[in-house]
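Q: I have the sequence and a model open side by side. Can you take me through how to read its features, one at a time?

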Amino acid sequence: MKRFIVGISGASGVIYAQRFLQKVAKHNKTEIHLIVTANAQAIVRHELGEKADLSHLAFRTYAPDDLMAPICSGSFPTDGMIVIPCSMKTLAGLATGFADNLLLRAADVTMKEKRPLLLVPREMPLSPIHLDNMLKLANWGAHIIPACPGFYHLPKNLDDLIDQFVFRIMDILGLKSPIQRWGHRFSS
Ligand SMILES: Cc1cc2nc3c(=O)[nH]c(=O)nc-3n(C[C@H](O)[C@H](O)[C@H](O)COP(=O)(O)O)c2cc1C
């Protein structure tokens, strides 16, 4: 069974995280260790509703200030981590090694252990600082996966758009999904 850390930071687009967790749980046996930053918790309430609960989709959920958690240490083995969505503040923390919360520390550990680190930045427009931080992290091996869904599979609604985006991420992590692959004919 694969084990991943999922970090949700305070950017718009927390629906990507919710859908990712749902689809991973539906199509795979995985152990998900979840961290939702304080700002992300407020955005989850705003964008997904007061009653939204993501923790039931995880094996274990950690408080973002729990710097004693097992995932703080490289001795705790994982198959990688995804930050979805990734705020520009969290991106900056990662690019400078400023690990002052559990999400940043776990991602810092993932990088130092050379495990897959996937970042789904969400901001527009992007400043030179944002772009510079992304380039640094990409050069150090992180996968930069901007929250930019494609349209070539001819989505009929928002669900189709979000699903195909999270299936692409699951592909990168080596997880099973019903992704629509280019080369098949899509009909409108
Ligand atoms: C409703 C709302 C939406 C936000 N969306 C974004 C966003 O898309 N991208 C971003 O970088 N910051 C966004 N922010 C700002 C971040 O939440 C803020 O920079 C925060 O410090 C991020 O902290 P965290 O990364 O520790 O969660 C948003 C804030 C609010 C209140």
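Q: Is strand β1 mostly covered or mostly open, and how many of its residues are buried?
A: A residue is called buried if 20 or more other C-beta atoms lie within 10 Å of its own, exposed if 12 or fewer, and partly exposed in between, with C-beta atoms placed from the backbone. Strands (E, at least two residues) and helices (H or I, at least four) are DSSP runs, numbered from the N terminus. Strand β1 (residues 2-8) is mostly covered, with 5 of its 7 residues buried. The model is a predicted one, in which local features need pLDDT of at least 70 and side-chain atom pairs count only at pLDDT 80 or more, while totals for chains, interfaces and linings use all residues. Residues are numbered from 1 along each chain as its sequence is written.

Q: Which way does β1 pair with β2, and over how many bridges?
A: Strands of a sheet pair through backbone hydrogen bonds, either parallel or antiparallel. Two strands count as paired if DSSP finds at least two bridges between them. Here β1 and β2 (residues 30-36) pair in the parallel sense over 7 bridges.

Q: Which residues have the most contacts inside the largest nonpolar core?
A: A nonpolar core is a set of buried Ala, Val, Leu, Ile, Met, Phe, Trp, Tyr and Cys residues joined through C-beta atoms within 7 Å. The largest one has 49 residues, and those with the most contacts inside it are Val-6, Ala-17, Ile-82, Val-83, Ile-84, Ala-106 and Leu-119. Contact between two residues means that their C-beta atoms, placed from the backbone, lie within 7 Å. Not counting residues up to four places away in sequence, Ile-82 touches Phe-4, Val-6, Leu-118, Val-120 and Ile-169.

Q: On which side of α2 are the buried residues, and what do they pack against?
A: For a helix, look at the arc, taken from the directions from the helix axis to the C-beta atoms. In α2, the buried residues are Ala-40, Ile-43 and Val-44. They lie on the same side of α2 because they cover an arc of only 110 degrees around the axis. They pack against β1, α1 (14-27) and β2. The face turned away from that buried side carries the exposed residues Ala-38, Ala-42 and His-46. After α2 comes Gly-49, whose phi is positive, near 110 degrees.

Q: Which residues of α3 are buried?
A: Thr-90, Leu-91, Gly-93 and Leu-94 are buried in α3. Their arc is only 160 degrees around the axis, so they are on the same side of α3. Their cover includes β4 (81-86), α4 (102-112), β5 (117-121) and α5 (128-139). Gly-97 follows α3 and has a positive phi, near 70 degrees.

Q: Which residues come nearest to the ligand?
A: A residue is near a molecule if its C-beta atom, placed from the backbone, lies within 6 Å of it. Of the 15 residues around the ligand, Gly-10, Ala-11, Thr-37, Asn-39 and Met-88 come nearest. The elements that give two or more residues to this shell are α2 (38-48) and α3 (88-96). The largest share, 4 residues, comes from α2.

Q: How many residues of that shell are nonpolar, polar and charged?
A: Ala, Val, Leu, Ile, Met, Phe, Trp, Tyr, Cys and Pro count as nonpolar, Asp, Glu, Lys and Arg as charged, and the others, Gly among them, as polar. The shell divides into 4 nonpolar, 8 polar and 3 charged residues.

Q: Where is Ser-87, and is it buried or exposed?
A: Ser-87 is in the loop between β4 and α3. It is buried, because 22 other C-beta atoms lie within 10 Å. Leaving aside neighbours within four places in sequence, Ser-87 is in contact with Ser-9, Gly-10 and Ala-11.
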